[in-house]
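Take a look at the model below. Then read on for a short tour.

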Amino acid sequence: MTRLMVRGVEIRKGALDGPAQVRLIDALRPVLKAAPLFSPVTANGKAMSVRMTSAGGLGWVSDKGGYRYQPTHPRGSAWPAIPDPVLDIWRDVTGHDRTPDCCLINYYGEGAKMGLHQDRDEADFSWPVVSVSLGDDALFRIGDTVRGGKTESVWLNSGDVVVMGGPARLVYHGIDRIRFGSSRLLPKGGRINLTLRVAV
Ligand code: MD3
Ligand code: FE
């Protein structure tokens with residue numbers, strides 16, 4: 001594992017080996033069955049290209065009513081629990097015993113991307129955010145804490161873990177593109193990103 005620091009964001013390249021990645025995918029299969037991926041719609045009515053779902057006490061949703069954390073999937077059911085192997089990564093990299101409220105599961109199919117944004121729907125920015133990349137490579141862009149600043153890009157590969165804490169917690173970030181089919185972890189291709197957050 002090599003640690004890269006980019007604009008205060010800690011990138012742990014190769015934090016998870018192949019078998020650990022397969023264990024995570026196996027643990028996510030029942031979660032995705034209980035809480036299927038959906039295409040969030042932004043407040044201005046556009047469908048996001050990334051499909052999403054969540055695990056944990058709260059999930060992140062976006063629809064005509066805006067975006068927020070809520071205790072249920074858009075279909076009305078409670079979100080499934082965050083799988084233990086995912087919680088192990090949170091404890092391992094943050095050292096915190098407090099369990100994250102939300103494991104957001106983002107799925108990037110061919111052509112999906114996520115525009116530059118800040119994560120500021122959480123109550124307390126002193127908690128770190130942890131992200132786990134699985135499947136296809138993604139070009140991750142990291143900016144400043146203010147819009148319009150300089151940005152740097154770095155490729156995230158399957159098994160990389162990213163930790164955003166301290167001042168880096170509020171940097172602008174996004175996914176410009178994925179290299180569809182670059183990994184064989186997911187039989188149908190694409191990328192899964194898990195984001196762990198304390199929301200309340
Ligand atoms: C930097 N997801 O879900 S994860 C998101 O790969 C999100 O799906 C991207 O941005 C993805 O909100 C990037 C890396 C990440 C996550 C949260 C951050 C970077 C962050 C919060 C603060 C700063
Ligand atoms: Fe984000």
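## The model

This is a predicted model: local features need pLDDT of at least 70, side-chain atom pairs count only at pLDDT 80 or more, and totals for chains, interfaces and linings use all residues. Residues are numbered from 1 along each chain as its sequence is written, chains are lettered from A and ligands numbered from 1 in the order in which they are written, and side-chain values use heavy atoms, without hydrogens and water.

## The sheet

Seven strands make an open, antiparallel sheet, ordered β1-β2-β11-β8-β13-β6-β3. Strands are DSSP runs of E, at least two residues long; helices are runs of H or I, at least four. Two strands pair if DSSP finds at least two bridges between them. At the edges lie β1 (2-6) and β3 (51-56), each pairing on one side only.

β1 and β2 (residues 9-13) share five bridges in the antiparallel sense. Here M5 stands opposite E10 in β2.

## The helices

Helix α1 (residues 18-34) lies across β3, β6, β8 and β13. Helix α2 (residues 84-94) packs on the sheet and touches β2, β6, β8, β11 and β13. Contact means heavy atoms within 4.5 Å.

## Charges over rings

The charged end of R98 sits over the ring of W127, 5.6 Å from its centre. R179 does likewise over W155, at 3.8 Å. The cut-offs are NZ of Lys or CZ of Arg within 6 Å of the ring centre and within 35 degrees of the ring normal.

Definitions and conventions: Axes are lines fitted to C-alpha atoms, for helices over the stretch in contact, and angles run from 0 to 180 degrees between N-to-C directions.
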